[in-house]
Amino acid sequence: MRRTLGMLSGTAILALGLAAGLMGPAAAQTPPNVLIVGQIAEPQSLDPHTVTAANDFRIVVNIYDGLVRYADGTLEVEPALATDWEISEDGLTYTFTLREGVNFHDGTPFNAEAVKFNFDRMLDENHPFYGTGPFPLSFNFESVENVEVVDDLTVRFTLSEPFAPFLSNLAYPTGLIVSPAAVEANGEDYGRNPAGTGAYRFAQWQSNTSVVLEANPEYWDGAPALEALVFRPITDANTRVAEMLSGGIDVMVEVPPDNIATFADDPNFTVHEATGPHVWYVMLNAKEGPFADPRVRQAANYAVNKEGLVNDILQGTAEISDSPVPPAFGWAYNDELEPYPYDPERARELLAEAGAEGASLTFYVTEGGSGMLDPVNMGTAIQADLEAVGFDVSIETYEFNTFLGLVNAGLEGQADMAQMAWMTNDPDTLPFLTLRTDAWPEAGGFNSGYYSNPEVDTLIEEARVETDPEARAALYREMQTLVFEDAPWIFVANWRQNAVTTANVEGFSLQPSFLLMLQDVAKP
Amino acid sequence: MAGYIGKRLLAAIPVLFGLSIIVFLIMALIPGDPATAILGSFATPENVARINRDLGLDRPLHEQYLVWVGNLMQGDLGRSFRLNRPVLDEVLERFGATLILASVSLVLCSIFGLLAGIVSAVRQFGWADRLITLFVLIGISIPSFWLGLLMILIFAVQWRVLPASGMYAVYGGGDFWDLLRHLILPATTLAVVATGVIARLTRAAMLEVLRQDYVRTARAKGLSERKVIYKHAFKSALVSVVPVIGIQAGFVLGGAVYIETVFQWPGIGAMLVNAISTRDILLVQGGVLVVAASYVLFNLLADVVQALLDPRLKS
């Protein structure tokens with residue numbers, strides 16, 4: 001026994017000595033020409049047609065190209081794998097001329113057959129590789145009736161009805177082109193063995209540790225300067241910040257508002273910000289209860305101090321919103337609108353007019369979730385502002401998936417208001433899915449507050465099939481004015497996405513599309 | 001002994017099955033479903049129905065469960081729809097990482113816990129005892145996720161002598177020493193609470209034993225104090241401490257959930273948390289099954305060791 005105790009002490013001393021010996025300054029600094037990106041979660045898959053999260057989009061946009069892409073710094077499309085395209089008069093056929101001499105990372109050629117394979121796999125339930133799905137966002141292309149190979153480098157899409165967002169959807173990750181040969185070879189494991197045409201090709205995926213991409217020296221748009229990209233999932237925001245401060249990663253996305261100042265004040269780091277197509281709002285139950293009266297909905301908009309929310313809670317990482325179309329869609333946004341001012345007096349007057357003083361409200365709040373920013377604190381602040389003008393608000397908080405299940409079913413009989421946030425790639429998406437009468441939950445949409453204005457319905461439907469951008473923009477602007485007046489939501493914030501890079505990272509910028517394009521980044 | 005172990009293992013099978021039914025039911029009962037989790041804000045009833053059909057989740061619950069059991073019998077735990085890979089691959093890989101973390105942690109807390117407990121008991125009310133008791137109390141009281149962040153802040157951010165998170169360096173690492181470097185912070189953090197618990201119990205057990213008649217007899221025989229403590233007292237005290245170490249093994253596995261999240265350790269705790277929030281039923285099932293089986297094994301192991309140490313329990 002004495003020996004046992006001696007062994008115990010011996011081991012203890014050994015363990016301490018070993019730990020001390022293993023400590024060393026070698027921990028810091030990442031290798032040159034390798035960019036290590038701190039992500040918020042493990043990717044779900046590297047098959048661009050099966051993923052839905054911004055976190056996964058950040059990786060796949062660097063492996064693949066689409067027929068078109070968003071021009072740097074804008075939400076307007078420019079040629080990518082297609083060099084040119086023609087749209088028929090009636091807006092029903094799109095004929096694309098494809099780039100010549102492009103190969104997938106697995107060596108097979110990119111051509112019209114490959115394009116057809118990609119869309120058939122997503123849209124045709126009888127396609128031999130439909131089972132490699134599910135393809136959650138394939139409804140982005142539900143108007144595609146058929147894809148036809150005209151010749152090796154020409155492909156024609158026929159739509160069932162004119163659909164203005166079509167090109168923009170092609171630039172989004174669901175429109176990226178995968179290698180048919182790689183899908184055939186790997187079947188349902190394709191998502192872990194991806195092959196595209198992009199600037200980086202897949203090298204390795206270590207579960208919950210890293211995804212490694214290496215430079216594609218034959219990239220049609222010029223080989224990247226970096227040797228490799230490494231995406232590390234670091235789910236805990238505090239740990240992500242610590243990794244950034246300790247030099248374990250070169251780029252960090254989704255920096256918590258509280259930490260922005262730390263990085264901004266430190267010359268070793270650069271903070272990047274860009275507004276994007278994000279809208280954070282509180283939907284109001286326009287079907288029953290106090291919010292059935294538009295005056296009460298307007299009162300809620302006057303009562304909430306959005307400046308306080310954006311500056312104090314979100315610490316300047318968002319801007320005040322006033323429309324279902326975020327300002328990032330410059331061409332479609334109505335810049336004549338001014339947000340509802342913070343005016344508790346006006347709110348009380350409106351409530352008195354409507355006879356809704358002291359109305360009690362149930363407010364659904366979520367604990368977190370994609371694009372939801374700081375929902376609990378924001379919810380509490382909104383509650384306090386509403387109570388200050390005489391509402392009686394009780395909050396119910398739910399875990400995000402539970403929350404979505406409840407809210408998407410419609411607020412009727414459950415709640416008067418609920419938080420929501422959307423990130424979209426076209427001004428059509430959000431109004432189409434959340435404001436039309438035909439988008440009420442029972443009709444399969446997300447208008448969970450049952451807002452209904454026939455004029456707004458018409459404007460949205462017309463804009464969707466209008467292929468002339470000018471005319472389309474005018475329809476959206478008119479729609480925004482009506483929605484602003486009707487106040488189906490409390491308009492709250494447009495998020496500014498952010499990222500921090502170390503000072504030696506060059507050529508990094510954030511895109512309004514929220515896609516993380518790393519093709520032109522260098523780190524000597 | 002072999003018969004006893006066999007019986008205990010057989011008894012574990014219905015426990016595991018019962019557990020799998022409970023987990024399955026809970027996952028089915030909580031609001032939100034995998035399709036909603038996949039689709040996020042795009043979860044229209046139509047899209048949800050399409051995904052459910054593609055995933056086979058539109059079939060009745062009992063049918064889904066029976067399919068799962070049938071596949072289990074053939075060693076197939078199904079496919080995680082969140083991660084697009086077989087559940088078994090993921091679970092084994094992640095459980096391996098947890099096992100490394102938890103076992104190193106368990107060794108650490110056993111060594112330091114026992115040592116601290118013995119010293120404390122032998123020097124009862126001395127300065128060493130007071131100092132150890134103070135540290136033990138702090139150790140038991142500190143929330144481990146907070147301690148983890150503090151350790152990262154000191155060792156990784158301020159001094160930059162250890163990596164902040166992960167299991168291996170993501171680029172150019174991967175050997176045994178790399179693993180050890182990454183283990184130091186999470187394993188130590190995880191060990192702190194258990195060390196405190198073991199130290200307190202060892203101290204109590206030792207004090208109890210030191211008051212026994214046979215210890216007085218040993219002293220009366222003229223044995224040296226060292227011999228009395230190590231040969232007579234410690235051995236009997238160990239009998240009551242070992243089952244506690246067994247239980248601590250369970251706590252260490254459970255505590256690994258927070259620690260894995262804070263240190264981004266690719267273990268099964270962090271995996272389960274993610275799987276639950278994305279409603280990845282099969283991954284939750286597979287993970288819980290493996291964790292539960294390991295609990296059963298750890299407890300069995302502790303009982304066997306205790307029986308070996310205590311002659312009264314041998315029969």
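## E90(B), a buried glutamate

E90(B) counts as buried because its relative accessibility is 0%, and buried means under 20%. The value comes from a predicted model. E90(B) belongs to helix α5 of chain B, which covers residues 87-122.

The side chain of E90(B) has a polar contact with the side chain of R85(B), at 2.6 Å.

## How chain B meets chain A

Chain B puts 64 residues in contact with 71 residues of chain A. About 5900 Å² is buried between the two chains. Carbon and sulfur atoms give 62% of that area. Three residues stand out: R160(B), V170(B) and Y171(B) supply 12% of the area that chain B buries against chain A, more than any other three residues.

## Polar links and contributing helices

Between chain B and chain A, 17 residue pairs are in polar contact. Four salt bridges are found across the interface. A salt bridge joins the side chains of E399(A) and R279(B), at 2.8 Å from N to O.

Several elements of chain B give two or more residues to the side that touches chain A: α2 (34-39), α3 (45-55), α5, α7 (144-158), α8 (176-210) and α10 (225-263). Of these, α5(B) gives the most, with nine residues. By class, this side of chain B has 36 nonpolar, 13 polar and 15 charged residues.

Key. Residues are numbered from 1 along each chain as its sequence is written. Chains are lettered from A and ligands numbered from 1 in the order in which they are written. This is a predicted model: local features need pLDDT of at least 70, side-chain atom pairs count only at pLDDT 80 or more; totals for chains, interfaces and linings use all residues. Side-chain values use heavy atoms; hydrogens and water are left out. Helices (H or I, at least four residues) and strands (E, at least two) are DSSP runs, numbered from the N terminus. Buried means under 20% relative accessible area, exposed over 50%, partly exposed in between (1.4 Å probe, protein chains only). A polar contact is a pair of N or O atoms within 3.5 Å; within protein, one must be able to donate a hydrogen and the other to accept it, and residues adjacent in sequence count only if both atoms are side-chain atoms. Contact means heavy atoms within 4.5 Å. Buried area is the accessible area (1.4 Å probe) that two parts lose on being put together, summed over both. Ala, Val, Leu, Ile, Met, Phe, Trp, Tyr, Cys and Pro count as nonpolar, Asp, Glu, Lys and Arg as charged, and the others, Gly among them, as polar.
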